[in-house]
Amino acid sequence: MSRLSSVAILGLLAVLGIGLTWVALQSSTPRIAAQQRLIDSRNLLDLLPPDSYDNQPLEQPLALENPTLGNSTLLTGFRATKAGQPYAVLLRSQTLGYEGSIELLIAIDLNGRLIGIKTVKQVETPGLGARIGEWPNAWLKLFSGKSLSDPGDNGWALKKDQGQFDQIAGATITSRAVINATHDALRYFDEHRQQLLGSPSHE
């Protein structure tokens, strides 16, 4: 076999290898993307009981009007439904903590009560405010079942601010930011209930 033939065969094999690699990548990309969506869905939706909804909330984000609130900004929202009936609204909220931005996912039921809160992103001080990112989170669990009227407006504050909530030890600013953002989200839900639920207002 001549040197030229050997080079040609090697070149052909290289092209074939590149082609097969490209085909493999193209065929696996949708599967990888689907798996990533499933992971994202589990990470965000574990606030909700698994049998409480049967739709894919993250695939149909809600359009939010006037998302800039008093102490926070709503980035997006989602509606969880079962058999076509709304079960909960999830609001992704961004607020400013001690070190920087904190993003929360706040789940609210039809009656305006908190199902739960989860920290999605945070850059707070390790060992202090960064504990807001732990999951499950005992401090955030204290808010479950609360609503806009329970406690009233004055109660949505730290005890040191004459409110009803304890703080994370050593993390006053972080704690205050989360409380204010949660209160903002409950007010927003109350004011935009029909739009968020996609159905007549529930009492």
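**Labels and their cut-offs**

Student: Why is Asp166 called partly exposed?
Tutor: Asp166 has 42% relative accessibility. Buried means under 20% relative accessible area, exposed means over 50%, and partly exposed is in between, with a 1.4 Å probe and protein chains only. Asp166 therefore counts as partly exposed at 42%.

Student: What kind of model is this, and how are residues numbered?
Tutor: The model is predicted: local features need pLDDT of at least 70, side-chain atom pairs count only at pLDDT 80 or more, and totals for chains, interfaces and linings use all residues. Residues are numbered from 1 along each chain as its sequence is written, and side-chain values use heavy atoms, leaving out hydrogens and water.

Student: What makes Lys159 and Asp166 a salt bridge?
Tutor: A salt bridge is a side-chain nitrogen of Lys or Arg within 4 Å of a carboxyl oxygen of Asp or Glu. In Lys159 and Asp166 the closest N and O atoms are 3.2 Å apart, so the pair qualifies. Lys159 is also partly exposed, its relative accessible area being 49%.

Student: Why can such side chains pair at all?
Tutor: Side chains of opposite charge can pair when their charged atoms come close.

Student: How do you know that Asp161 and Arg176 form a salt bridge?
Tutor: Their closest N and O atoms are 2.9 Å apart, which meets the cut-off, so the label applies. This pair links distant parts of the chain, 15 residues apart: Asp161 is in the loop between helix H2 (138-141) and H3, and Arg176 is in helix H3. Helices (H or I, at least four residues) and strands (E, at least two) are DSSP runs, numbered from the N terminus. Asp161 counts as partly exposed at 30% relative accessibility, and Arg176 counts as partly exposed at 30%.
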